[in-house]
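Biologist: I would like to go through the terms used for this chain and see what each one rests on. Please show the structure.

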Amino acid sequence: MNNHRYNDYYLVNDEDFANDDDSVELMPTKRRKVKRVFCILVVVFSGLLVLGFLAAFVGLPLVFKFSLALQQSLIFTRFGLQTNATYYGNFRLPEYKNHYVPVIDVDNKTTLKLGLWHILPLDLAEISFYNESYDFDKVLKHSNYSVLLYFHGTGEDRSQSWQKYQLLRSFFHVIAFDYRGYGDSQPGEMLENNVVNDCVQVYKWLQNRTESPIYIWGHSLGANLATSTVARLDQNANLTGLILEAAFTSLTDELYFHPYVKYLKWLPWFWDTVVKPLQHNGFLFDTTKHIEMVQCPILFLHAKDDEIVPYFMSQALYTASKKRNVSEWVLNDTKLVLFNAKIGLNHYFIYRDSFTFFHILDFLNHCSQNLQLSLEGSHQS
């Protein structure tokens with residue numbers, strides 16, 4: 001009985017093998033084809049990786065080295081920003097006036113027009129809201145409110161920070177403008193020196209239109225442009241205070257931390273293909289150097305979770321600012337405020353913290369009190 005079962009088992013299996021002889025012969029051929037296809041795919045994929053590496057980490061830095069236009073695009077980022085004048089003239093922001101300020105380019109021939117907003121303080125905005133003939137220029141000239149000139153960061157235009165303006169207009173007439181080539185401002189050669197030259201003229205335009213104390217606020221790249229602007233102003237500028245939000249020490253320092261560039265910093269040719277060409281074309285943005293020439297109190301604001309500009313850069317700038325050759329009250333009124341990383345303010349949202357209002361208020365109170373004492377002392381002398 002058992003032998004029959006044993007023989008039956010092999011008979012069945014022998015029959016199966018007899019029917020599958022062709023399949024057995026074909027299996028090695030199929031395997032070779034699969035292996036060949038797999039090897040081809042591996043070679044192609046590896047080649048693409050090598051080409052991608054060469055393009056990203058060799059080709060792109062080399063192109064960047066010799067392309068001024070690419071360097072300008074990296075520093076003065078303007079992708080996707082509104083350029084339509086109607087957008088800025090009809091923005092949904094209560095009680096503001098749209099201006100176009102003429103500035104003379106560094107060639108002393110070309111005139112560019114820069115877009116600018118005058119945003120009323122909240123109390124005055126309430127009055128203006130019910131008065132269609134409200135005179136913005138007159139109230140700017142003679143006002144109990146201080147005036148703030150706002151410098152936005154790169155990749156932004158003057159409309160991006162409208163929520164921040166709602167906080168700032170609790171204290172100021174807010175004057176927000178766009179650099180050349182940003183928003184609906186006319187385009188021009190995008191070089192650091194040229195842009196700062198424009199900013200100085202915007203400040204003088206404002207200074208001629210108000211008798212109120214003037215403050216400057218700069219955010220990120222705008223903090224550097226603001227500092228450079230102040231450093232170029234003469235003794236008659238009468239700037240009361242400078243507020244620097246998320247400021248970096250210099251462009252060279254920032255390149256090693258900025259999300260766009262930091263992944264290239266390990267390359268042995270990073271300095272020669274990225275850093276050095278920018279320096280050669282005048283993209284220095286050396287805030288540490290310019291901070292030494294600022295004669296007014298400075299308020300530094302920085303979030304510890306800032307992923308674009310590390311907060312230790314504001315710490316370094318604060319240390320440098322305390323070494324300035326200025327009066328004791330200016331040094332005493334220079335402050336550094338660091339916001340806890342747990343709050344989650346990052347690079348753009350310091351204005352959202354409830355304590356920011358009081359940090360600004362405290363800074364303004366100290367500046368105005370000491371400015372008044374300084375003026376009284378100069379009159380008596």
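Modeller: The model is a predicted one. Ser314 is found in helix 13.

Biologist: Why is Ser314 called buried?

Modeller: Buried means a relative accessible area under 20%. Ser314 has 0%, so it counts as buried.

Biologist: What is Ser314 in contact with, leaving aside its neighbours within four places in sequence?

Modeller: With Ala247, Phe300, Leu301, His302 and Leu336. Contact here requires heavy atoms within 4.5 Å. As for Ala303, it is 11 residues from Ser314 in sequence, and the two C-alpha atoms are 9.7 Å apart in space.

Biologist: Which other residues of helix 13 are buried?

Modeller: Besides Ser314, the buried residues of helix 13 are Met313, Leu317, Ala320 and Ser321.

Biologist: How do you know on which side of helix 13 they lie?

Modeller: Around the axis they cover an arc of only 120 degrees, so they are on the same side of helix 13. In general, an α-helix has 3.6 residues a turn, so residues three or four places apart point the same way.

Biologist: What do the buried residues of helix 13 pack against?

Modeller: Their partners are helix 10 (251–255), helix 12 (287–291), helix 14 (328–332), strand 7 and strand 8. Helix 13, residues 312–321, lies across strand 7 (298–303) and strand 8, and its direction is at about 165 degrees to strand 7.

Biologist: What makes strand 8 an edge strand?

Modeller: Strand 8 (335–339) pairs on one side only, and strand 1 is the other edge strand. The sheet is open, with 8 strands in the order 1-2-4-3-5-6-7-8 and mixed pairing. From one strand to the next, the twist averages 20 degrees.

Biologist: How do you know that strand 1 and strand 2 pair?

Modeller: Pairing needs at least two bridges between the strands. Strand 1 (residues 96–104) and strand 2 (residues 111–119) are joined by 9 bridges and run antiparallel. His99, for example, has Leu116 in strand 2 as its bridge partner, and Asn98 stands opposite Trp117.

Biologist: What is found between the strands of that hairpin?

Modeller: There are 6 residues between strand 1 and strand 2, and Asn108 in this hairpin takes a positive phi near 65 degrees. Asn346 also has a positive phi, near 55 degrees, in a residue other than glycine. Asn346 is in the loop between strand 8 and helix 15 (356–380).

Biologist: What is the phi of Phe285, and where is Phe285 placed?

Modeller: Phi of Phe285 is positive, about 45 degrees, although the residue is not a glycine. Phe285 sits in the loop between helix 11 (270–280) and helix 12.

Biologist: Is Phe285 buried or exposed?

Modeller: The cut-off for buried is under 20%. Phe285 has 0% relative accessibility, so it is buried. Beyond four places in sequence, its contacts include Ile75, Phe76, Leu221, Leu225, Phe248 and Leu251.

Biologist: What makes a nonpolar core of a set of residues?

Modeller: The members must be buried, of the listed kinds such as Leu, Ile and Phe, and joined through side-chain atoms within 4.5 Å. The largest nonpolar core has 61 residues, of which Phe76, Leu149, Phe151, Ile216, Leu242 and Phe285 touch the most other members. Helix 8 (residues 192–207) gives the most to this core, with 8 residues. Apart from it lies another core of 30 residues, including Tyr88, Leu148, Tyr150 and Ile350.

Biologist: Which strands does helix 9 lie across?

Modeller: Helix 9 (residues 221–232) lies across strand 3 (146–151), strand 5 (214–219) and strand 6 (239–245), at about 140 degrees to strand 5.

Biologist: Why are the buried residues of helix 5 said to line one face?

Modeller: In helix 5 (residues 122–129) the buried residues are Leu124, Ala125 and Ser128. Seen down the axis they fall within an arc of 105 degrees, so they line one face of helix 5. They pack against helix 6 (136–141) and strand 4 (172–177). The face turned away from them carries Glu126 and Phe129, both exposed.

Biologist: How much of the chain is buried?

Modeller: Of the 381 residues, 45% are buried. The chain has 15 helices and 8 strands. Its accessible surface is about 20600 Å², with 56% belonging to carbon and sulfur atoms.

Definitions and conventions:
Residues numbered from 1 in each chain as written. Predicted model: local features only at pLDDT ≥ 70, side-chain atom pairs only at ≥ 80, totals over all residues. Heavy atoms only, no water. Buried < 20%, exposed > 50% of the residue type's maximum accessible area, 1.4 Å probe, protein only. Helix = DSSP H or I, 4+ residues; strand = E, 2+ residues; numbered from the N terminus. Arc of directions from axis to C-beta. Axes fitted to C-alpha atoms, helices over the stretch in contact; angles between N-to-C directions. Areas by Shrake-Rupley, 256 points an atom, 1.4 Å probe, with all protein chains shown as cover.
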